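Reader: I would like a close look at a single part of this model, with the residues named and the geometry given. Please keep it plain.

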Amino acid sequence: MKAAITTRPGPPSVIEIKEVPAPKVKNGWVKIKVKAFGLNRSEMFTRKGDSPGVEFPRIQGIECVGVVEEDPSGKMTNGQQVAALMGGMGRFFDGGYAEYALVPESIVFPFQSTLPWEVIGALPEMFQTVWGSLHLALEIERNETLLIRGGTSSIGMTACQMARHQGLTVIATTRNPAKEASLKDNGADHVIIDDGTVAGKLRDLFPYGVDKVLELVGTATLKDSLKCIRPKGVVCMTGILGNEWTMADFTPMGDIPSLGRLTVYMGEAANLPASAFQQYLDLVEVGEVKPNIDRVFRLSEVEEAHSYMESNQATGKLVVLLD
């Protein structure tokens, strides 16, 4: 089979397309014929050598969609549409950047959809992250206000649509004024241009603060995001778009406002009910929500796709489609 192999830690050029043996099926695992997969920033960090415990060379990819090629348990039939995500995929065992993937049964989600593969390929990890952040970490409720810090990311765009679909008022941020229109077209009620601080601008719109904040930029803006919540408001840090993992200075009794709450979401496949993923696919299929896909690449273009991802040009998800 053909696979995009990260040969060693480094820049995008360390990813090479090679012909390698297809994985052999084993008990408890499912062999998937990959149709598409989404790119994720965590894969960029892995490629650079920043993911502990990863050995190279490695077929990366923390998610994929396709059809069952073989399931020794017999629970899934050949040709069944499935998604697979997380669980060490693409880090501790080979992942989705290939024509075939062998993954644990526990991270496989059967589904039915008539959507094109390039659309389905954009969804599993993106939806898992959004669903877990909004429902498990932030526990959103209708009529609440939600600030999305990092609104033009694929997670931010999807979170905006899902929150609006559930009756929330959404404020989205972007560093690029040229992207304001796309955020409003995506459903944001308000857009704030992020110059490093947005708390003052946010308080001009909502003097008492917002109910919830989805922090996707990360530690670089976390303190400012904490200044945006009302008493008993919640900030959930899910993303690290700012590429900074740690904070030089953090004073809990000072940086976290009194009665404010700070949490994180680092979800796994087990956090996502299969029924929720199917319901989301159905919403996409009837046009009630629309995934934001920036570009679609081919397997031979994974190096280029990583370069594009690292350039921060994308507004939406990057997908790789296999023939």
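Which residues in helix 3 meet which residues in helix 9?

Author: The model is a predicted one. In helix 3, the residues in question are Pro 124, Phe 127 and Trp 131, and they meet Ala 276, Phe 277 and Tyr 280 in helix 9. Sorted by class, this contact has six nonpolar residues, no polar ones and no charged ones.

Helix 3 covers residues 124-137 and helix 9 covers residues 274-285. The two pack at an angle of about 110°, and their axes are 11 Å apart. Angles of 65 to 115 degrees count as roughly perpendicular, and helix 3 and helix 9 are therefore roughly perpendicular to each other. The crossing of helix 3 past helix 9 is right-handed.

Ring pairs link Phe 127, Phe 277 and Tyr 280 with Phe 111 and Trp 117. Across the whole structure, a search finds seven aromatic pairs. Phe 37 and Tyr 97 are stacked, with 4.8 Å centre to centre and 20° between the planes. Phe 37 lies in strand 3 (residues 29-38), while Tyr 97 lies in the loop between strand 6 (81-85) and strand 7 (100-104), so this pair ties together parts 60 residues apart in sequence. Phe 37 is buried, its relative accessible area being 0%. Tyr 97 is buried as well, also with a relative accessible area of 0%.

The pair of Phe 111 and Phe 277 is edge-to-face: the planes are at 90° and the distance is 5.9 Å centre to centre. Because Phe 111 sits in the loop between strand 8 (108-110) and helix 2 (117-120) and Phe 277 sits in helix 9, the pair ties together parts that are 166 residues apart in sequence. Phe 111 has a relative accessible area of 3% and is buried.

On the helix 3 side, the contact is made by Met 126, Phe 127, Thr 129, Val 130 and Leu 134. On the helix 4 side, Ser 154, Ile 155, Thr 158, Ala 159, Met 162 and Ala 163 take part. By class, the contact of helix 3 with helix 4 has eight nonpolar, three polar and no charged residues.

For contrast, consider helix 1 (residues 41-48) and helix 10 (residues 302-310), whose axes come within 10 Å and cross at roughly 110°. That makes helix 1 roughly perpendicular to helix 10. Arg 41, Glu 43, Met 44, Arg 47 and Lys 48 of helix 1 make the contact with His 306, Met 309 and Glu 310 of helix 10. By class, there are two nonpolar, one polar and five charged residues in this contact, whereas the contact of helix 3 with helix 9 has no charged residues.

Terms used: Residues are numbered from 1 along each chain as its sequence is written. This is a predicted model: local features need pLDDT of at least 70, side-chain atom pairs count only at pLDDT 80 or more; totals for chains, interfaces and linings use all residues. Side-chain values use heavy atoms; hydrogens and water are left out. Axes are lines fitted to C-alpha atoms, for helices over the stretch in contact, and angles run from 0 to 180 degrees between N-to-C directions. Helices (H or I, at least four residues) and strands (E, at least two) are DSSP runs, numbered from the N terminus. Angles under 35 degrees count as roughly parallel, over 145 as roughly antiparallel, 65 to 115 as roughly perpendicular and the rest as oblique. A crossing is left-handed if the near helix is turned anticlockwise from the far one by less than a right angle, and right-handed if clockwise. Contact means heavy atoms within 4.5 Å. Ala, Val, Leu, Ile, Met, Phe, Trp, Tyr, Cys and Pro count as nonpolar, Asp, Glu, Lys and Arg as charged, and the others, Gly among them, as polar. Rings of Phe, Tyr and Trp (its six-membered ring) pair if their centres lie within 6.5 Å; planes under 30 degrees apart count as stacked, over 60 as edge-to-face and the rest as tilted. Buried means under 20% relative accessible area, exposed over 50%, partly exposed in between (1.4 Å probe, protein chains only).
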